[in-house]
Amino acid sequence: PIIADEVPWSETITDYDESHYVVYLRLLDATKDGASADEMARVVLGIDPAREPNRAEKAVSSHLRRAQRMCEKGYRHLLGH
């Protein structure tokens, strides 16, 4: 899927979230494995941090924050609650 510079934020699950679940999971796994933000940008988001450092930083931060939010609250939507 196309990676936005920043995740569209909402209190509910968005179409963007639904099409990026795998991205969110990969970021959470990469964080758990100790990957750097540059590695996550390059490998998970497909952004070259050497060429686009600001975009890479913003995108990793935004997507990781959303991934963590999905773990805390968004999963309820998936379970139908």
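Is Glu52 buried, exposed or partly exposed? I looked this one up to get going: Glu52 has a relative accessibility of 35%, so I noted Glu52 as partly exposed. For my own reference, buried means under 20% relative accessible area, exposed means over 50%, and partly exposed lies in between, with a 1.4 Å probe and protein chains only.

**Ground rules.** I am working with a predicted model, in which local features need pLDDT of at least 70, side-chain atom pairs count only at pLDDT 80 or more, and totals for chains, interfaces and linings use all residues. Residues are numbered from 1 along each chain as its sequence is written, and side-chain values use heavy atoms, with hydrogens and water left out.

**Salt bridges.** I took a salt bridge to be a side-chain nitrogen of Lys or Arg within 4 Å of a carboxyl oxygen of Asp or Glu. Side chains of opposite charge can pair when their charged atoms come close. I found six salt bridges in the structure.

I began with Arg55 and Asp5, which form a salt bridge with their closest N and O atoms 2.5 Å apart. Arg55 lies in helix H4 and Asp5 in the segment before helix H1 (15–19), so this pair ties together parts that are 50 residues apart in sequence. Helices, I remind myself, are DSSP runs of H or I with at least four residues, numbered from the N terminus.

Back to Glu52: its side chain meets that of Arg55 in a salt bridge, at 3.3 Å from N to O. Through shared partners, salt bridges join Asp5, Glu52 and Arg55 into one network.

Next I looked at Glu6 and Lys58, whose side chains meet in a salt bridge at 3.8 Å, N to O. Glu6 lies in the segment before H1 and Lys58 in helix H4, so this pair ties together parts that are 52 residues apart in sequence. Glu6 is partly exposed at 44%, and Lys58 is partly exposed at 42%.

**Ser62.** What does Ser62 touch, leaving out residues up to four places away in sequence? I found Asp5, Glu6 and Val7, with contact meaning heavy atoms within 4.5 Å. Ser62 is in helix H4 (residues 53–79) and is buried, with a relative accessible area of 3%.

**A ring and a charge.** I also saw that the charged end of Arg66 sits over the ring of Trp9, 4.6 Å from its centre. This label needs NZ of Lys or CZ of Arg within 6 Å of the ring centre and within 35 degrees of the ring normal.

How values were computed:
Helix = DSSP H or I, 4+ residues; strand = E, 2+ residues; numbered from the N terminus.
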